[in-house]
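User: Hi! I have a structure open and would like to go through it with you, one question at a time. Could you help me read it?

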Amino acid sequence: MTRMTTPISAYRIQLRNGLSFSDIAAIVPYLNDLGIDTLTVSPIFSTIEVSSGKKSYNPTKLDGEAGGEYGFAVLDTALRKLGMGLVVDINPNQMPATHHNPWWFDVLEWGSESRYAGHFDVDWKKRLTLPVLQRPLVEEVQAETLQLHFHQGKLAFGITYGDVFYPLHPRSYEVVLRGVGNALSIDFLDAANKADAQRSEEFHFRLREIYESSELAHRLELAAWLKELSQDMDAIDKVLSMQKWRLMTRQKARRRMNYRHAFDSVHSVGVQVEKPQPFKDFHEVPLDLLEISQIIGFRVNQIDGLADPEAYLRQLRANAGENAYLVTDKILLDGEKHPALWHADGTAGYEFISATANVLIDHDKLAALEKLYSDIGGPGLLHYRGAKSAVLHRRFAAELQALVDLIISIDPDAATGLDLTRAVTDLVIELPVFRTYSDGRGVLEPYRSILRSTISEIKSRADATDARALEFVQKILETSDSLGGKRARFITKFQQLTAAVMAQAIEQSHRYGRGPIALDEVILHGADSGDPVQAFHDKMLNKAAAAPRGMLATTFSYTTKFGEDARMRLLALSEAPEPWCEAVLRWRQKHAQHVATIEETPAPDPQTEWLIFQTLAAIWPLTLPLDDETGLNAVREDLSAFIQKAISEIQRDAFWTEINRPYELAVMDYINQLFADRSFLQDFVETMRPFWVAGAINSFSQTVLKATAPGVAVVYNGAECWDFGVSNIPASTDVNFEALATRLSYADQSPLNILLEDWHTGAIKQRLVSTHLRARKRKPGLFTGGEYVPLKVTGKKRRNVIAFLRKDGSDVCMVAVPRHPFDAVRRFNTPFMPIPGWGDTAIQVPQEIRGLELQDLMTGNRTILADKCLMADAMRGFSTVSLMTD
């Protein structure tokens, strides 16, 4: 079949929980039946498990654990057979800082002499500071946690700490081998004396020859000597002093870090992909695969961490070709539009999460919900700037100090160091977007305006930063002058720092504490509550004009905590704040005896209680009976894991400090008591039923909007059925694709009314997804490039409808979905909008399509368009409308 180059719809799978390339190949026929034409997979290159999940550490090799070259060939063949494409993730901004990474290993071994020293963003004026020790060095040596040994896999001498290996510089081998006089140590020392950083493979090959040909007695003698040496503090200290790196505790290293890190200083190191050789080495294999496999393009992760995203994308486009599909994980905030100069097809689509949430949430009642939350004991909204401040000072203190030192070196008399520190700090914290962008003339519009408004806001505060310091920083960022390299370096490092701080603040803390719905702040930040429907139309019009081939996502990224349907349930809470808050108060009173007191603090505190009940409301499986002990335990474990993570990250006084274990145990006991109380569970299920019904209709609306709005609809694995999971909880991410295939067959063959009655299984959503994805396949130009036309709605329920037209030549699709369904369905058990309630509500049909005969994608009913389309007629069989030409 012909190899495709432009996605119409995509299915995203992450290689975790043991999933392999061959496993994915086995489900390709199912994905094709679902209506998918493109698979997007992360990560496909050699990976290591770190605290935030699997990360690629070697872009030159396919992931061996996932099946390596053979497994990838199996997947590629399966895709080729059905003419499907593959989009893979690459992260040119950072790589794991681990000995598994061959480039980083070489840098650890040779320092600035390494062939790869220029690949990483390291300040080589001093030794690498590695913030890895749990205790001071002396204590670690005494505890024998640092061990000198010869690593047979890496073929080098080094120090093992935990499961990480730190290679020694060959020039220090003499100190290590001084106490051993056998032939093995003599040969090792000879090889070390001849070692050359530019031919390190030869050196390690020679060490392999020496070791494998040596006598067993000599190996044992060497091992015994290294064991003894590991317990000698003076010897260890002398060996470490000769290395190109130094091991320190995180606290001590906080202000001494000398390499750029994206999120976690222990696990990542920034790549200088803006340089020619690093760019070539990083992209050589991905670009080769683009030529020879079903890979049609790349999703570029952490794009805002790069020195110059626009220049990088220009270079990538030049190497990948005009037909390659390129998207970035850029998250558009505060009214940002897709950068016009970027040589990319669009973003990964996370801004669509905010667009749909903003139009489906009930802004009129949100304030009441927030007030009730505050009355119960919540602190109100925790502004994300508080999280940014904690991240900046605890994770990026060294980067902040480096920026201040740099700006002082530009003009020592501009302002005091203290004032400049405060000016840079305030700008990083207050900037409402990930970063600004600039060229040789300074910051580009509209970011220049954002920067100026941010500075004005800072100046207007009662505790305002010294104006002279702020204005000097502004001048450096905005103007072109003769300051040359230092000025350019300051701008780049400032932009990279603001991106890293915003990203980690979003990921690590703020979502848990935003208030009564605890959605992530990118959803409602800058929300337009005046006319949310018009705001949605404006966003889609902008997307159709700027990036019509960009993705549309509704599920997990690092910016969300809940699955897409769990989030739709939470939006329903905003429609009925009083009954929800009454229920929370009732449940709190019922279980007040289970609230412990830890250091004069209730455990759980009121806002954590709210979060527990809210999370349970979001994730409760629709098909779970109260006598299913196994199912209840699974939900309890997911809830406990989520809340445990939340209370460790939501600390408002000090993020990421010592865990309050007694508090944590008390909260876990509270959750256990909830699940032991069957009367509570019965009350909970009955109370939540109307919210779940309304949430299901919200999900229908979100699904149809994603499938018909401008862009490439992306389905996260398993989210074609109900997605009530929470992020980063492994038990919530296992997907049974065999069951999904069976359910799809059932969904295809069953009457719509039966699927609605059986809505708890998720087959109805799968039918909704597959029906629209198949329609996209039939008319790809209509949805990825067609015109987007907002439609006027009249009648008493006009505010409860979002309607628009997609048009591409003679092909049209008229779409309408409901919003704010709670009042209409609160007395029903099925997610279906009652027909009488629509009254005279109608879509005003444009003159140009009147008289056309269209077919509803879900019901199959045919309609000849008149001057208006009554919602009561259009939604007679299902509560969304997608009327399309044959």
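Predicted model: local features only at pLDDT ≥ 70, side-chain atom pairs only at ≥ 80, totals over all residues.

User: Are α18 and α19 roughly parallel or antiparallel to each other?

Analyst: Helices here are DSSP runs of H or I with at least four residues, strands are runs of E with at least two, and both are numbered from the N terminus. Axes are lines fitted to C-alpha atoms, for helices over the stretch in contact, and angles run from 0 to 180 degrees between N-to-C directions. Helix α18 (residues 447-459) and helix α19 (residues 467-478) pack at an angle of about 175 degrees, with axes 11 Å apart. Angles under 35 degrees count as roughly parallel, over 145 as roughly antiparallel, 65 to 115 as roughly perpendicular and the rest as oblique, so α18 and α19 are roughly antiparallel.

User: Which peptide bond is cis, with omega near 5 degrees?

Analyst: Look at the loop between β17 (442-443) and α18, where Pro446 has its place. The cis bond with omega near 5 degrees runs from Glu445 to Pro446.

User: And what is omega for the cis bond that joins Ser42 and Pro43?

Analyst: Pro43 lies in the loop between β2 (38-42) and β3 (45-50). The cis peptide bond joining Ser42 and Pro43 has an omega of about -20 degrees.

User: Is Glu599 buried or exposed?

Analyst: Glu599 is found in the loop between β19 (596-598) and β20 (601-603), and has a positive phi of about 55 degrees although it is not a glycine. Buried means under 20% relative accessible area, exposed over 50%, and partly exposed in between (1.4 Å probe, protein chains only). At 70% relative accessibility, Glu599 counts as exposed.

User: What about His820: buried or exposed?

Analyst: His820 sits in the loop between β25 (811-818) and α33 (822-825). Phi of His820 is near 55 degrees, a positive value in a residue other than glycine. With a relative accessible area of 16%, His820 is buried.

User: Which residues is Thr356 in contact with, leaving aside its neighbours within four places in sequence?

Analyst: Thr356 lies in helix α13 (residues 351-360). At 0% relative accessibility, Thr356 counts as buried. Leaving aside those neighbours, Thr356 is in contact with Phe536, Gln702 and Leu705.

User: How far apart in space are Glu578 and Leu372, C-alpha to C-alpha?

Analyst: Glu578 belongs to helix α24 (residues 577-590) and is partly exposed, with a relative accessible area of 43%. Glu578 and Leu372 are 206 residues apart in sequence, yet their C-alpha to C-alpha distance in space is 7.9 Å.

Key
Residues numbered from 1 in each chain as written. Heavy atoms only, no water. Contact = heavy atoms within 4.5 Å.
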